[in-house]
Amino acid sequence: DTPHGLVPKLNAVVALSYVTTLVFDKTGTLGTNRLLFERLELVEMPRAEVIERLQQLVGATREKNRTIDAIESAFPGKTNVPIEEQAFSSETKTSAVRVRLGNAEESLWLGAPEALATMALTDVQQKTLEDLRRDGLRVVLLAASGSHIPQQEGMVGLAFIVLRDELRTDVQGAIAFYQSRGVHL
């Protein structure tokens, strides 16, 4: 099966024939730019209580992003009006909502584990986090505190939320194509 096409600049084809190593990242190249929920790794609190808090967080978050969308696909949000909200910030790598849970108020945080610095991870939790990241998975931490946003006093980590990038359907074929031609990826 010979590909057919009109090449506007033949020197581009010639240049590609000299490629021995191709470096790329998964975002946009191998992936669809969509996150998928993989699993929960509990840190503290029973699973049912963690799920309840995740659903409250998702339901109270007004500014949805890819992370919230992925979580919501597994744990549909429960309608809840936030008392306070801190939208996701790439600077702080966190977002938070303060919601009413029963007769109490609680701040629910979602963010990069290292960004929720007031909560120290145990050695076992740190190893779990490192293992997940080594496997190429994205990991965010769900945490809770009684403090008003933006304070993080008394924060307790509840679960690692493990996400993965959705791969394009043709990724295996593309990788095989380059490898069969001796290109190191």
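**View 1. Glutamate 84 pairs with arginine 98 of β3 as its bridge partner.** This is a predicted model, in which local features need pLDDT of at least 70, side-chain atom pairs count only at pLDDT 80 or more, and totals for chains, interfaces and linings use all residues. Residues are numbered from 1 along each chain as its sequence is written, and side-chain values use heavy atoms, with hydrogens and water left out. β2 and β3 pair in the antiparallel sense, over four bridges. Pairing requires at least two DSSP bridges between two strands. Strands (E, at least two residues) and helices (H or I, at least four) are DSSP runs, numbered from the N terminus.

**View 2. Six strands make an open, antiparallel sheet.** The strand order is β1-β6-β5-β4-β3-β2. β1 and β2 (84–89) are the edges; each has a single partner strand, so one side of each has no neighbour in the sheet. Neighbouring strands are turned by 25 degrees against each other on average, direction ignored. Axes are lines fitted to C-alpha atoms, for helices over the stretch in contact, and angles run from 0 to 180 degrees between N-to-C directions.

**View 3. Two helices lie across strands of the model.** α5 (residues 123–134) lies across β1, β5 and β6, and runs at about 5 degrees to β6. Contact means heavy atoms within 4.5 Å.

**View 4. α4 has a buried face and a capped N-terminal end.** Thr67, Ile68, Ala70 and Ile71 of α4 are buried (under 20% relative accessible area, 1.4 Å probe, protein chains only). Down the helix axis, the buried residues fall within an arc of 160 degrees, so they line one face of α4. The arc is taken from the directions from the helix axis to the C-beta atoms. Their cover includes β1, α3, β4, β5 and β6. At the N-terminal end, asparagine 65 is the cap: a side-chain oxygen lies 3.1 Å from the backbone nitrogen of threonine 67.

**View 5. The largest nonpolar core holds 24 residues.** Such a core is a set of buried Ala, Val, Leu, Ile, Met, Phe, Trp, Tyr and Cys residues joined through side-chain atoms within 4.5 Å. Leu40, Leu54, Leu57, Ile71, Leu110, Leu142 and Ile161 touch the most other members. α3 gives the most, six residues. Beyond four places in sequence, the contacts of leucine 110 include Leu57, Ile68, Ile71, Val140, Leu142 and Ile161. Apart from this core lies another, of 14 residues, among them Ala96, Trp109, Leu137 and Met155.

Notes. Buried < 20%, exposed > 50% of the residue type's maximum accessible area, 1.4 Å probe, protein only. Polar contact = N/O pair within 3.5 Å; in protein donor to acceptor, adjacent residues only side chain to side chain.
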